[in-house]
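Here are my comments on the model you sent, arranged as numbered points. Please read them with the coordinates open beside you.

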Amino acid sequence: MAGRREKSGQSTRGSRIGAAIAFGVLMGCVFAFFYPNGFFSFNPPQAQSRKLSKLNLQGDSSPCESSERVNMLKSEIMKLSDRNAELQKQVRGLTEKLRLAEQQKGNVEQQIVVLDKPQKAGPFGTVKSLRTNPHVIPDESVNPRLAKILADVAIGKEIIVALANSNVKAMLEVWFTSIKKVGIPNYLVVALDDTIVNFCKENDVPFYKRDPDAAVDSVGKSGGNHAVSGLKFRILREFLQLGYSVLLSDVDIVYLQNPFDHLYRDSDVESMSDGHNNMTAYGYNDVFDEPAMGWARYAHTMRIWVYNSGFFYIRPTIPSIELLDRVADRLAKQPNSWDQAVFNEELYYPSHPGYIGLHASRRTMDIYLFMNSKVLFKTVRKDANLKKLKPVIVHVNYHPDKLPRMQAVVEFYVDGKQNALDSFPVGSEW
């Protein structure tokens, strides 16, 4: 009996213990469910700060703080944008230098092959003549001051150059504003008077003023468009002697793309044309009819409209410098001559009895990329497809009302004003 009671008591105590454990586990689960962070949770300062900041972001912040933050973000975005633009500019400059180095290397190799020794002609269709003359050896003693300026401004030994006096101040502003808008860094104004010097300083435009020269200064300070245009052939010579390729530009030009991205550089002179379609710009067979000749009444002639002496790319080669010398000499001896006519005659006239022609290579620029104002106002603005094309430059060379047409070109191509060109006549009134 005693043994059974003892055994029964042990069983009862075991049941109570088991029940207590089960009850404790159950209560633990309940409290764990309703109080996951415990009875005495403690939030560290960082957590509280995060919660407060979250609440502030959700709506407790004042309008003043929000405005300041927006302005701060805008400022950061502007800084990053400026930095990105600067990096892109550096990349473009380095890419251009690399491309020019590779191009010049190829030209030099070709010149060595052709000039080193006589060559055998290859199979039919494979023979190509040398098109690119070698550069001259740069001579900085010609003009050390200009050499220093060009070393700072030019990229890849290339530069845009324009001559200007106070008579063209308004057009000059449109000219350099368009260049800045495109992001072209390598350009230079040859200032022909002090007004233009000060104007360039005020607008952060790189300029160069020549040393006093009575023959040049008298024309430069008071001369009209044609007189000033004639000076460039004398002034450009020093640029070429220093070893720089020059993209000569009149100031009645609007820049819409970087022209250095669209040059071939395979000729001594690469020029825009005064032609207004493919035939007139690139040449055509013009048949002359003389009925009195009977059977031989038709004579075939070759025609091409002239190069524009207000926009051309010229490389520092011997034929290029000879061209400048020839034109400058004729203009000095024939003061009533038009520089553009003389420029083309010296480029095109072949050698013949009593005359030795110039052996310079030349290329005509694409008339829809390097566009004259006749192409624009006669053809392009009236053609829905051509209007969609974006030229590299527009030269208002065919019209005397230059400034308003330049401004209209900016409105049409830059500002997107579709009717900006509509009010102008095709030609101009005398």
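1. Strands and helices are DSSP runs numbered from the N terminus (E, at least two residues, for strands; H or I, at least four, for helices), and two strands pair if DSSP finds at least two bridges between them.

2. On provenance, this is a predicted model, in which local features need pLDDT of at least 70 and side-chain atom pairs count only at pLDDT 80 or more, while totals for chains, interfaces and linings use all residues. Residues are numbered from 1 along each chain as its sequence is written, and side-chain values use heavy atoms, with hydrogens and water left out.

3. Strand β6 (residues 269–273) is mostly covered, since five of its five residues are buried, where buried means under 20% relative accessible area, exposed over 50% and partly exposed in between, with a 1.4 Å probe and protein chains only. β6 runs parallel to strand β10 (residues 362–364), to which three bridges join it, and S271 stands opposite T364 in β10.

4. A second open sheet has three strands in the order β5-β12-β11, also with mixed pairing; its edge strands, β5 (253–255) and β11 (370–372), each pair on one side only. Neighbouring strands of this sheet are turned by 15° against each other on average, direction ignored. β5 pairs with strand β12 (residues 393–395) in the antiparallel sense over three bridges, and I393 in β12 is the bridge partner of Y255. Helix α13 packs on the sheet, touching β5, β11 and β12, and its direction makes about 20° with that of β5.

5. How do α5 and α13 cross? The axes of helix α5 (residues 169–182) and helix α13 (residues 402–413) come within 10 Å and cross at roughly 20°, which makes α5 roughly parallel to α13. Axes are lines fitted to C-alpha atoms, for helices over the stretch in contact, with angles from 0 to 180 degrees between N-to-C directions; under 35 degrees counts as roughly parallel. The contact (heavy atoms within 4.5 Å) is made by A170, M171, V174 and W175 of α5 and K402, L403, M406 and V410 of α13.

6. Helix α11 (residues 339–348) has seven of its 10 residues buried, so this helix is largely enclosed by the rest of the structure. The buried residues are D339, Q340, V342, F343, N344, E346 and L347.

7. D204, in the loop between α6 (194–202) and β3, has a positive phi of about 55° although it is not a glycine, and D204 is exposed, with a relative accessible area of 65%. R265, in the loop between β5 and β6, has a phi near 60°, a positive value in a residue other than glycine, yet R265 counts as buried at 3% relative accessibility. Most residues other than glycine have a negative phi.

Terms used
Parallel < 35°, antiparallel > 145°, perpendicular 65-115°, else oblique.
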